[in-house]
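Okay, thanks for coming, everyone.

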Amino acid sequence: MKRRVNQVLRGAVLALTAATFAAEFRTPAEQRTWHGHLFGRIPYDWRLPTLQRIRDRWWNPGEPRLFTDRAFGVGWDLNLYRLRQLALGR
């Protein structure tokens, strides 16, 4: 059962990744940004990650969301600062 779930998750991630590249390649080359939201909801970012972007996603006191757009790839990152605040009851 666990193996099947892993296969389904792996397939879903692969499909979403392919969809992000398809969306970018449908856009004229001069307008491609390599980051955005798939289906208006699922964030992706294929630009080379920077230390600033990683910090803004993983440790951002100014961001109220627990889950932030991913610094690189498809999906979400965890704002560890916000997680800490929630764990401390703040």
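**Salt bridges and buried side chains**

Let's start with Asp 77, which counts as buried at 8% relative accessibility. By buried I mean under 20% relative accessible area, by exposed over 50%, and by partly exposed anything in between, with a 1.4 Å probe and protein chains only.

Before I go on, some housekeeping. This is a predicted model, where local features need pLDDT of at least 70 and side-chain atom pairs count only at pLDDT 80 or more, while totals for chains, interfaces and linings use all residues. Residues are numbered from 1 along each chain as its sequence is written, and side-chain values use heavy atoms, with hydrogens and water left out.

Back to Asp 77: what does it form a salt bridge with? That's Arg 70, with the closest N and O atoms 3.4 Å apart. A salt bridge here is a side-chain nitrogen of Lys or Arg within 4 Å of a carboxyl oxygen of Asp or Glu. Arg 70 itself is partly exposed, at 30% relative accessibility.

Searching the whole structure turns up 5 salt bridges. Another one joins Glu 63 and Arg 65, at 3.0 Å from N to O. Glu 63 counts as buried, at 18%, and Arg 65 as partly exposed, at 37%. Then there's Asp 45 with Arg 47, where the closest N and O atoms are 2.6 Å apart. Asp 45 is buried, with a relative accessible area of 2%, whereas Arg 47 is partly exposed at 29%. Those two also belong to a network of salt bridges that links in Arg 53.

Staying with that pair, have a look at Phe 72. Leaving aside neighbours within four places in sequence, Phe 72 is in contact with Asp 45, Trp 46, Arg 47 and Pro 49; contact means heavy atoms within 4.5 Å. Phe 72 sits in the loop between strand S3 (67–69) and strand S4 (73–74), and it is partly exposed, at 39%. Helices (H or I, at least four residues) and strands (E, at least two) are DSSP runs, numbered from the N terminus.

Now over to another loop. Is Asn 79 buried or exposed? Buried: its relative accessibility is 0%. Asn 79 lies between strand S5 (76–78) and helix H3 (80–87).

Okay, zooming out. The protein chain has 3 helices and 5 strands, running α-β-β-α-β-β-β-α from the N terminus. The radius of gyration is 16 Å, well over the 12 Å that the globule rule gives for 90 residues, so the chain is more spread out than a compact globule. That radius is taken over C-alpha atoms, and the rule is 2.2 Å times the number of residues to the power 0.38. Along the principal axes, the C-alpha atoms fill a box of roughly 45 × 45 × 20 Å. Buried residues make up 23% of the 90.

Last up, charges. There are 16 positive and 7 negative side chains, and the centres of the two sets lie 10 Å apart. Lys and Arg count as positive and Asp and Glu as negative, with His and the chain ends not counted; the charge is placed at NZ of Lys, CZ of Arg, CG of Asp or CD of Glu.
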